[in-house]
Amino acid sequence: IVVHDGIRYGNAPLLCDRSNDLLMDIYEPTADTLVSRPTMVVIHGGGFRSGNRKKNADEALAYARRGFVAVAIEYRTCPGEFASDEAQVEAATNAIDDGMEAIRFLHANAATYGIDTTRIGAVGTSAGGAIALGTALVDDQTPGGPLETYPYQPAAVMSTGGNLTPAIESPGFRDAVPPVMMFRYEFDTVAGP
């Protein structure tokens, strides 16, 4: 497996008055002759306040060992407490937008990394699960940019410990959505029992 570390897929301002290079690590299997593979975008949790792409390195590596191109992404976060519910929704909306941009980047660079663009999935936990759900369920709220002509919706999504609230707060549910699998724990640190 070859790991392409710290690939820049965008740059965006944070809510905390600092800029953020949006980075991803791409785990590419190389032990066979396949020219395109299914791809899993692995999105870390952290309440939209913390975390980075390295948090899910083991999970990405596990997908790559099974023959997937695995992509661990970072997204905009804002450390500390949110000043209001609106600020948290804004952070979630920005993070969903970053997830969409990551998928667009993978479409644009599919030949470079051996990606089958018809089989890009997204998986995340907690805030990462909300981002995965958002990429599948809502329209792009900030169209434009150099990758705007590429698709941003994954072919399938799995969310663990996340919820639909950030996606629901964002207007524009898509007419056609991919398969979605959502797990909730009997008890988790966000929702409780």
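Author: Happy to! Keep in mind that this is a predicted model. Let's begin with a salt bridge: aspartate 25 pairs with arginine 53, and their closest N and O atoms are 2.6 Å apart.

Reader: Which parts of the chain does that pair tie together?

Author: Aspartate 25 sits in strand 2, while arginine 53 is in the loop between strand 3 and helix 1, so the bridge ties together parts that are 28 residues apart in sequence.

Reader: Is aspartate 25 buried or exposed?

Author: Aspartate 25 counts as buried, because its relative accessibility is 0%, and buried means under 20%. Arginine 53 is buried as well, at 10% relative accessibility.

Reader: OK! What else does arginine 53 meet in a salt bridge?

Author: The side chain of arginine 53 also meets that of aspartate 5, at 3.8 Å from N to O. Here too the partners come from distant parts of the chain: aspartate 5 belongs to strand 1 (residues 2-13), and the two are 48 residues apart. Aspartate 5 is partly exposed, with a relative accessible area of 46%.

Reader: Nice. How many salt bridges does the structure hold?

Author: There are eleven salt bridges in the structure. One of them pairs aspartate 21 with arginine 8, with 3.1 Å between the closest N and O atoms. That pair links strand 2 (residues 19-28), where aspartate 21 lies, to strand 1, where arginine 8 lies, and the two are 13 residues apart.

Reader: And how accessible are aspartate 21 and arginine 8?

Author: Aspartate 21 is partly exposed, with a relative accessible area of 37%. Arginine 8 counts as partly exposed too, at 48%.

Reader: Switching to helices now. Which residues are buried in helix 1?

Author: Ala60, Tyr63 and Ala64 are buried there. Looking down the axis of helix 1, you'd find its buried residues within an arc of 100 degrees, so they line one face of the helix.

Reader: Why would residues a few places apart point the same way?

Author: An α-helix has 3.6 residues a turn, so residues three or four places apart point the same way.

Reader: Got it! What does the face turned away from the buried side carry?

Author: On helix 1, that face carries the exposed residues Asp58 and Arg65. After helix 1 comes glycine 67, which has a positive phi, near 100 degrees.

Reader: How about helix 4, how many of its residues are buried?

Author: Eleven of the eleven residues in helix 4 (residues 127-137) are buried, so to speak a mostly covered helix. Among them are Ile131, Leu133 and Leu137.

Reader: At what angle do helix 2 and helix 4 pack?

Author: Helix 2 (residues 85-108) packs against helix 4 at about 65 degrees, and their axes are 8 Å apart. The crossing is right-handed.

Reader: Which residues make the contact?

Author: From helix 2 you have Ala95, Ile96, Gly99, Met100 and Ile103, and from helix 4 Ala130, Ile131, Gly134 and Thr135. By class, the contact has six nonpolar residues, three polar ones and no charged ones.

Technical notes:
Residues are numbered from 1 along each chain as its sequence is written. This is a predicted model: local features need pLDDT of at least 70, side-chain atom pairs count only at pLDDT 80 or more; totals for chains, interfaces and linings use all residues. Side-chain values use heavy atoms; hydrogens and water are left out. Buried means under 20% relative accessible area, exposed over 50%, partly exposed in between (1.4 Å probe, protein chains only). Helices (H or I, at least four residues) and strands (E, at least two) are DSSP runs, numbered from the N terminus. A salt bridge is a side-chain nitrogen of Lys or Arg within 4 Å of a carboxyl oxygen of Asp or Glu. Axes are lines fitted to C-alpha atoms, for helices over the stretch in contact, and angles run from 0 to 180 degrees between N-to-C directions. A crossing is left-handed if the near helix is turned anticlockwise from the far one by less than a right angle, and right-handed if clockwise. Contact means heavy atoms within 4.5 Å. Ala, Val, Leu, Ile, Met, Phe, Trp, Tyr, Cys and Pro count as nonpolar, Asp, Glu, Lys and Arg as charged, and the others, Gly among them, as polar. The arc is that of the directions from the helix axis to the C-beta atoms.
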